[in-house]
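User: I have a structure open and would like to go through it with you. Could we take it piece by piece?

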Amino acid sequence: MNIHPSDMQPMPDRDEAKNALARLRQWASAASDAEINALDPAVARLLNDSEYPLLNRVYPADFTSDPAYRATLPDLQNGPSSLIRGAHRTIQHVGISNFRLPIRYKTRDGGEVMLESSVTGTVSLEADKKGINMSRIMRSFYAHAEKTFSFEVIEAALDDYKSDLETLDARIQMRLSYPLRVPSLRSGLSGYQYYDISLELVDTAGSRLRVLHLDYVYSSTCPCSLELSEHAREQRGQLATPHSQRSVARISVVLQGDDPMWFEDLIEIARKAVPTETQVMVKREDEQAFAELNAANPIFVEDAARLFAQGLEADDRIGDFRVVASHQESLHSHDAVSILTDGPTFEAASLDPRLFGTLHHVR
């Protein structure tokens with residue numbers, strides 16, 4: 001024998017439901033959207049065959065996101081492997097590029113300078129994982145951004161997001177423009193030279209590599225053109241000038257040992273190897289001195305690569321290195337280029353098709 005509670009209502013039949021819907025629509029015809037939503041947002045679907053209820057068009061400034069609400073938010077990037085599109089393959093690098101924030105850097109003379117820095121942070125992604133939360137990389141970096149910057153701080157940030165993202169390999173690269181006051185050749189003036197510098201920390205299978213990159217901009221006078229100009233003067237009394245051009249060397253070095261390699265140290269190695277660095281503040285006597293300096297240091301692109309290499313291999317703080325040089329010809333409509341590497345770190349059978357195009361310094 002079945003006993004039914006006294007408060008149980010009988011299931012309405014179709015005609016009763018139809019009459020109830022008609023009654024609801026009659027009420028809704030005179031009600032506002034807000035009143036309909038207050039009753040039940042789902043009512044809108046019954047009234048106008050819409051997939052969605054009527055939506056609030058006013059920004060809810062007072063709404064707060066509590067833990068319970070956040071737990072309901074969808075997270076497709078951390079979804080199951082069934083959501084992966086394309087080949088189920090490991091991705092070697094996935095992350096963010098050109099995330100900018102101000103960072104303090106130590107200078108060799110014991111000071112500090114605050115500079116805008118661009119961060120690239122990537123991790124490896126295993127074949128069975130859908131994706132990563134990009135914001136975790138930024139949050140990890142902000143957690144250490146207030147500290148005086150160094151490779152140790154990069155390592156702390158890298159440790160954080162390796163742990164957060166549960167990944168095996170990771171990389172952080174910092175790009176900045178480093179100002180250094182440089183004196184003129186003869187006038188006693190000085191001005192700020194800006195050096196494009198990058199710091200890179202690579203963590204592969206628990207082994208860490210510290211790399212420092214520097215773009216050094218200099219003038220290169222063609223030795224052949226210089227000799228031909230002198231020949232015209234001597235043999236025919238003909239005024240002639242050798243061609244020179246702005247040139248760029250991208251010097252990348254793996255740091256080793258405990259002694260610090262200051263930005264200024266690497267700049268000085270480059271300047272000692274090829275002293276014809278472009279000038280900042282110039283009076284007439286400086287311009288004449290620069291012409292004399294170029295004439296004393298004529299240089300082919302092959303010479304440049306080898307001279308930089310000579311300076312790098314003499315420093316015990318430097319392990320593997322690479323020199324990419326580009327002489328942006330004033331004689332030709334093409335550039336003269338060279339690459340010299342030492343050690344396995346920078347060996348590559350293939351080159352980025354736009355590698356040398358990135359060495360054009362236009363500010």
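User: To begin, which elements do the buried residues of α9 pack against?

Analyst: The buried residues of α9 pack against β5 (207–221) and β6 (244–255). Please note that this is a predicted model, in which local features need pLDDT of at least 70, side-chain atom pairs count only at pLDDT 80 or more, and totals for chains, interfaces and linings use all residues. Residues are numbered from 1 along each chain as its sequence is written, and side-chain values use heavy atoms, with hydrogens and water left out.

User: And which residues of α9 are buried?

Analyst: They are D286, A289, F290 and N294. Buried means under 20% relative accessible area, exposed over 50%, and partly exposed in between, with a 1.4 Å probe and protein chains only. Seen down the axis of α9, these buried residues fall within an arc of 140 degrees, so they line one face of the helix. The arc is that of the directions from the helix axis to the C-beta atoms.

User: What does the face turned away from the buried side of α9 carry?

Analyst: That face carries the exposed residues R284 and A296.

User: How many residues does α9 have?

Analyst: Helix α9 covers residues 284–296 and has 13 residues. From its first C-alpha to its last it reaches 19 Å, close to the 18 Å expected at 1.5 Å a residue. The expected span is 1.5 Å times one less than the number of residues. Helices (H or I, at least four residues) and strands (E, at least two) are DSSP runs, numbered from the N terminus.

User: Now the sheet: what is the order of its strands?

Analyst: The open sheet of 8 strands has the order β1-β2-β3-β4-β5-β6-β7-β8, with antiparallel pairing. Two strands pair if DSSP finds at least two bridges between them.

User: Which strands stand at the edges?

Analyst: β1 (91–106) and β8 (336–342) do; each has a single partner strand, so one side of each is left without a neighbour in the sheet.

User: How many bridges join β5 to β6?

Analyst: There are 11 bridges between these antiparallel strands. Among the facing residues, S219 stands opposite R246 in β6, and D215 has R250 as its bridge partner in β6. On to β7 (residues 318–327): β6 pairs with that strand over 8 bridges, also in the antiparallel sense. There, S247 stands opposite H327.

User: Is β6 mostly covered or open?

Analyst: β6 is mostly covered, as 10 of its 12 residues are buried.

User: Where is S220 found?

Analyst: S220 is found in strand β5. At 0% relative accessibility, S220 counts as buried. Its side chain makes a polar contact of 3.3 Å with the side chain of H327. A polar contact is a pair of N or O atoms within 3.5 Å; within protein, one must be able to donate a hydrogen and the other to accept it, and residues adjacent in sequence count only if both atoms are side-chain atoms.

User: What else is S220 in contact with?

Analyst: Leaving aside neighbours within four places in sequence, the contacts of S220 include S247, N294 and I299. Contact means heavy atoms within 4.5 Å. N294 is also one of the buried residues of α9.
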